[in-house]
Amino acid sequence: ENNLAYLDDDLRKATTLKDLQVDSNELLGTFPEEVLALTNLEKLSLSFNHLTGPIPTTLTKLTVLRELSLNGNNFHGSLPTCIAGLTNLKKIELDGNTIAGDSTLKQTQSHSRKLQD
């Protein structure tokens, strides 16, 4: 926990970064676009911040992403169907948000999803 209120634009330069965990901070606003430049990310966790809005369809830029954790934010809307195109994605955690999703990704009474091969 660092109490970060935003991600610096220079983060875009960390193109070889594979794991970004910015949990339990003070991030505000929508999904941070700076993250989308990190195309080598395998794990991304932005849990327990104050992020709002829909999960962006541009998340598909993270083609090697294996784990995505967005628990405890205020994301809402539908889980973009294009997420299914992230073929390396094995785990997505969305508890504590108001997300409707594709029935192939849903587990009953939970927004944590483990995607099957």
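The questions and answers below go through a predicted model and set its computed values against the definitions behind the terms.

This is a predicted model, in which local features need pLDDT of at least 70 and side-chain atom pairs count only at pLDDT 80 or more, while totals for chains, interfaces and linings use all residues. Residues are numbered from 1 along each chain as its sequence is written, and side-chain values use heavy atoms, with hydrogens and water left out.

Q: Why is Leu-46 called buried?
A: The word buried stands for a relative accessible area under 20%, exposed for one over 50%, and partly exposed for what lies in between, using a 1.4 Å probe and protein chains only. Leu-46 has a relative accessible area of 0%, and therefore it is called buried.

Q: What does Leu-46 touch, and where is Leu-46 found?
A: Leu-46 is found in the loop between β3 (43-45) and β4 (50-53), where strands are DSSP runs of E of at least two residues and helices are runs of H or I of at least four, all numbered from the N terminus. A contact means heavy atoms within 4.5 Å, and, not counting residues up to four places away in sequence, the residues that Leu-46 touches include Val-22, Leu-27, Phe-31, Leu-51 and Leu-70. One of these, Phe-31, is 15 residues from Leu-46 in sequence, and the two lie 9.0 Å apart in space, C-alpha to C-alpha.

Q: Why is Ser-45 buried, and which residues is Ser-45 in contact with?
A: Ser-45 has a relative accessible area of 10%, so it is buried. This residue has its place in strand β3, and, leaving aside neighbours within four places in sequence, Ser-45 is in contact with Leu-20, Gln-21, Val-22, Asp-23 and Ser-69.

Q: What makes the rings of Phe-31 and Phe-75 a tilted pair?
A: Rings of Phe, Tyr and Trp (its six-membered ring) pair if their centres lie within 6.5 Å, and the pair is stacked with planes under 30 degrees apart, edge-to-face with planes over 60 degrees apart, and tilted for the rest. The structure holds 1 aromatic pair. The ring centres of Phe-31 and Phe-75 are 6.4 Å apart and the planes stand at 45°, so the pair is tilted. This pair links distant parts of the chain, with Phe-31 in the loop between β2 (28-29) and β3 and Phe-75 in strand β6 (residues 74-78), 44 residues apart. Both Phe-31 and Phe-75 are buried.

Q: Which residues have the most contacts inside the largest nonpolar core?
A: A nonpolar core is a set of buried Ala, Val, Leu, Ile, Met, Phe, Trp, Tyr and Cys residues joined through side-chain atoms within 4.5 Å. The largest such core has 27 residues, and those with the most contacts inside it are Phe-31 and Leu-44. Leaving aside neighbours within four places in sequence, the residues in contact with Leu-44 include Leu-20, Phe-31, Val-35, Leu-62 and Leu-68.

Q: Why is Thr-58 called partly exposed?
A: Thr-58 has a relative accessible area of 30%, and for this reason it is called partly exposed. Thr-58 is found in the loop between β4 and β5 (67-69), and its contacts, leaving aside neighbours within four places in sequence, are with Glu-33 and Leu-36. Thr-58 and Leu-36 are 22 residues apart in sequence and 7.4 Å apart in space, C-alpha to C-alpha.

Q: How do you know that the side chains of Lys-18 and Glu-42 meet in a salt bridge?
A: A salt bridge is a side-chain nitrogen of Lys or Arg within 4 Å of a carboxyl oxygen of Asp or Glu. The side chains of Lys-18 and Glu-42 meet at 3.6 Å, N to O, and so count as a salt bridge. This pair links distant parts of the chain, with Lys-18 in the segment before β1 (19-21) and Glu-42 in the loop between β2 and β3, 24 residues apart. Lys-18, at 48% relative accessibility, counts as partly exposed, and Glu-42 is partly exposed with a relative accessible area of 23%. Salt bridges that share partners join Lys-18, Glu-42 and Arg-66 into one network.

Q: How many salt bridges are there by this rule?
A: The count comes to 5 salt bridges, including the one between Arg-12 and Asp-9, at 2.6 Å, N to O.
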